[in-house]
Each structure stands twice: as structure tokens, then as C-alpha cells.
Amino acid sequence: MASDIIDVAVIGGGPAGAMAAAKLSQAGFDVVMIDDNKPLIRMEGLGERLLHWFDTQGLGASVRDIATYVPRTAYWGGINISSNHEYLVERTKLDALLRQYAVSQGVKYHEGQGYFSDSSTDLEIRVSSGHCFLPRYSLDARGRKAHLQQSPTRGPATIAIGGWFQEDPACAPYACVCPIPEGWVWVAAPGNGALWVQATLDAAASEGRPEQRLVKALEAASPPLKLSVSPNPTGVIARDCAPILPTKEINPFILPVGDASAGMDPLSGHGIFWAVSGALAAVSSILTLENAPSAKSEDLVKTFMEKRIRETYWRQARLGRDFLRQETRFSDFPFWQKRLHFPDNVPVHDRQKIEIQTTILPNNGVLKECEVLITPKEPSGVAWFGDIPAVEAYRLYCSKTPQQSLVSRWGQKNADHLIKWFEERISAG
Ligand SMILES: Cc1cc2nc3c(=O)[nH]c(=O)nc-3n(C[C@H](O)[C@H](O)[C@H](O)COP(=O)(O)OP(=O)(O)OC[C@H]3O[C@@H](n4cnc5c(N)ncnc54)[C@H](O)[C@@H]3O)c2cc1C
């Protein structure tokens, strides 16, 4: 079989794979993206931060075209919290849009099931269609499927069952999340009479077929949500959604991105944001290896990616735990008992003040060791405020004449912003 020599092969064309492929192609690499194209119709919610990022990529308007902006309510702890909004999007539409974007940026799209071949010492990617690629770098963007042949660290076995119900087409679009004794339910109404309901439940509990479990969960959530919908769901799908952290050491030439690097609890609602930001981290890693091929760069990439994945996983898992803890009515039920102390009891913010630390971060597209500010709110570190180096600003803030020093360096307006930012962090500690 003939093998194509290419720069980068990306297996998986979800948000992480498509955005990484597009960025690498923009950086001048010859990129192939392989996806098995198994569309799974379901709704997901996108946050403002992700839309802002799509705006910076020139994709915001296209994403808004296929999404519905809705108010989001959480009926949590017996009270209604209606503080934010989200964009509801049908995922196959979003994936198609991002893949098309990747192709428009020069990525070669290849349909089929991709495998990392272990029959050779060279990096070799085989595709079910019979093709074979010999890339210099590759990305594993297979989503949660990447963990099937491994033994990762897993959180409590959790399943998300989703399906479509019918609602009054005149109903205004909305989204809400509602806890129930067996888990929690997310209801997404894009305003066209279709209602996507997703129940997150204990996977170990064997309480009937997915359809029955979904209807039962919706019944439990219906009184607080004041819902009256048809009882027969269509398009029901059940997905594993336990938090997952791989234990395998990272090979700098086969970098995991998105859910292939770590699986988040969907309660966070930030999975796609983490997928695309992880994709950018992988792009910086490949540029680092390309610009300065050496064992030192490989170590830098390995350390950076492992730390980033670990920190994101633990932080998101602890944030999820703290959100679950705000619901106290169901703490005696098995679903809640298993999750109220997962992953541990360590606080999300385990530092009390601002510290200067050396870490590895993307800087002008490549990874560099640099000093950052670690704060109670930014445990992964802040290197820059726009063009202002964060550590230099903090040192001036700690000087004998902070106001004067900051004003003379960056002007009154910036000085005011910086002082407010530092004071907020110090009082948060
Ligand atoms: C129940 C549930 C609800 C969620 N809700 C939200 C939400 O509301 N908001 C949010 O931001 N996030 C949500 N998430 C998380 C979000 O879905 C993921 O974080 C995101 O899809 C990860 O993107 P990805 O590109 O890494 O993986 P995926 O989106 O899973 O994409 C992987 C792609 O690779 C393909 N593939 C897999 N194996 C192969 C192979 N061997 N060869 C070729 N192709 C392959 C797959 O078919 C797929 O197209 C939810 C997750 C779950 C489980």
C-alpha cells in the first residue's frame, strides 16, 4: 500500500481536531484530517467565552447563524438562578461548519476510521479506506473514543441520555438545568417546538431502557420546570460522560487534544471551549518542535501538555463538585453521595495570595518558560494583560510607590485597571 508523506495527521474532526487542523494549515503545514463521519444529532450549549473566541477567528457570525441565544436558568438548591445566557447549537451543524472552515484553510479532509499503527517505529496512520499516512506529527482528536483501549482514571460511572420531545412551537427559546434525586436534567428549547432533554444519571444504576430512564428523569424535573410535554422521545442517545484523565505518558509526536486529552463533566458546559483551547496548545507544541527540534523541546512539550491537561481536569472536576454541593436536598441519594466528594475535598482555590512562579506557556506561538502570576482566580497563571507583562506590573504594584510607578510606566488608565485587578485577587484570597 502506498503511503503519503505529510506534515501532520489529525485523527478526529470534532471541534478540537478541526480547529487544530485549521490553525496548523494556516501555519504552513501540510495537514490531513481524518474523521469517521458518524453524526450524532444532539444539542449542546456554548458559552460567551467560546463565542468570543470564535469571533477572534472570524467564525463568530457563522456560529451565531446556526445557534439560538437563550436565557439559562438553574433550578438549583430550591432556588431559580437566571443569571446568564448560552447559545444552543445542534452539534452536527457546528462540526460541519468547523470542518468546512478547516478545509477552506487548506486542510485535506479524509473520511474513514483512523488508527495509530504500532507496527512500525515511524509514526504511521492507517485509515479504514485503505490509505496510509506517514506524518511527522499527529494529533489524537478522537474524543472520548481515544480512551477505549486505555485504562484512564475515571470519575463515577455516569451516563447522559438525551432525546427529543415536542413542545408548544410558540414557546420562547430557553435552557434550564434542574437537579433530581437520580442526577440532573438539562432542557434546551431552541424555540421551534422541539425540546432536547438530557438526563445525567448514574451509569451503574440499572433502571430500565434509556428511553424509560429519560422519561422518568423528565417527569421528576417537570414539576419544578412546569413542563408538560409529549411523553414519547425520539432520537434517544446514551453517552458516557464520566470525567476521564488518561494515565499514559504523552508522546510529543502524538498529542492528545480535546476530550482525547481529558473528558470533562458536562455540568461544566465548557467542554468545547476546552477542546479548542487545547487545540491551540497543541499547535504551539508542534511549532515548538518544528522551530527547534531537540530532546529539550520534546521535554518542554511533554511537561507543558501533561501539566495543562492535569490542571484543567482537576480544576473542572472540583468546580463541578462545588456546584453539586450547592444542591443539598438530594445528598442522601446514591448519585449525589458518589459525587459530592469527587475528585477530593481540596478547595478549587488552594492558594491565598498572588504568587510569582515559573511555568511553560505559549509565547509568540511557541512554548517558552516564563514567569507568571498565580492567583486565587487564575491558578494556571497570567503572563500578560494585553501588552503589559503581568509579573513586571505586579512587582511595581508591590513597590513602595505602586500608584506612581504604574502610572509612569503605563499611564493612569492602565494603572487604575491594574490596581483594581490586584486588589480583587488579594481580597479573594
Ligand atoms: C452528554 C454530554 C453533554 C455535553 N454538553 C456540552 C455542552 O453543552 N457544552 C459544551 O461546551 N460541551 C459539552 N460537552 C462536551 C463536548 O461535547 C466535548 O468536550 C467536545 O465535543 C470535545 O470535542 P473533541 O473534538 O475533543 O471530540 P468530539 O467532539 O468527540 O470529536 C471527535 C471526533 O472524532 C471522530 N472519531 C473518533 N474516533 C475516530 C477514529 N478512530 N477515526 C476517525 N474519526 C474518529 C468522532 O466521530 C468525532 O467526529 C458534552 C459532553 C457530553 C458527553
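Mentor: The account below goes from the whole chain to its domains and then to the contact between two of them. The model is a predicted one. Its protein chain contains eleven helices and 21 strands. For 429 residues, a compact globule would have a radius of gyration near 22 Å, and the value of 23 Å for the protein chain therefore agrees with that expectation. Along the principal axes, the C-alpha atoms occupy a box of roughly 65 × 60 × 40 Å. Of the 429 residues, 39% are buried. When contacts between residues at least 6 apart in sequence are considered, 66% of them link residues at least 24 apart.

The domain assignment divides the protein chain into domain 1, made up of 3-68, 83-144 and 247-325, domain 2, covering 158-240, and domain 3, covering 355-428. The part in question is where domain 1 meets domain 3. The C-alpha centres of these two domains are 30 Å apart. Across the boundary, twelve residues of domain 1 are in contact with seven residues of domain 3. On the domain 1 side, two helices deserve attention: α6 (271-291) and α7 (295-325) each contribute at least two of the residues that touch domain 3. In terms of residue class, this side of domain 1 comprises five nonpolar, five polar and two charged residues.

Conventions: Residues are numbered from 1 along each chain as its sequence is written. This is a predicted model: local features need pLDDT of at least 70, side-chain atom pairs count only at pLDDT 80 or more; totals for chains, interfaces and linings use all residues. Helices (H or I, at least four residues) and strands (E, at least two) are DSSP runs, numbered from the N terminus. The radius of gyration is taken over C-alpha atoms; the globule rule is 2.2 Å times the number of residues to the power 0.38. A residue is buried if 20 or more other C-beta atoms lie within 10 Å of its own, exposed if 12 or fewer, and partly exposed in between; C-beta atoms are placed from the backbone. Two residues are in contact if their C-beta atoms, placed from the backbone, lie within 7 Å. Domain bounds come from an automatic or database domain assignment. Ala, Val, Leu, Ile, Met, Phe, Trp, Tyr, Cys and Pro count as nonpolar, Asp, Glu, Lys and Arg as charged, and the others, Gly among them, as polar.
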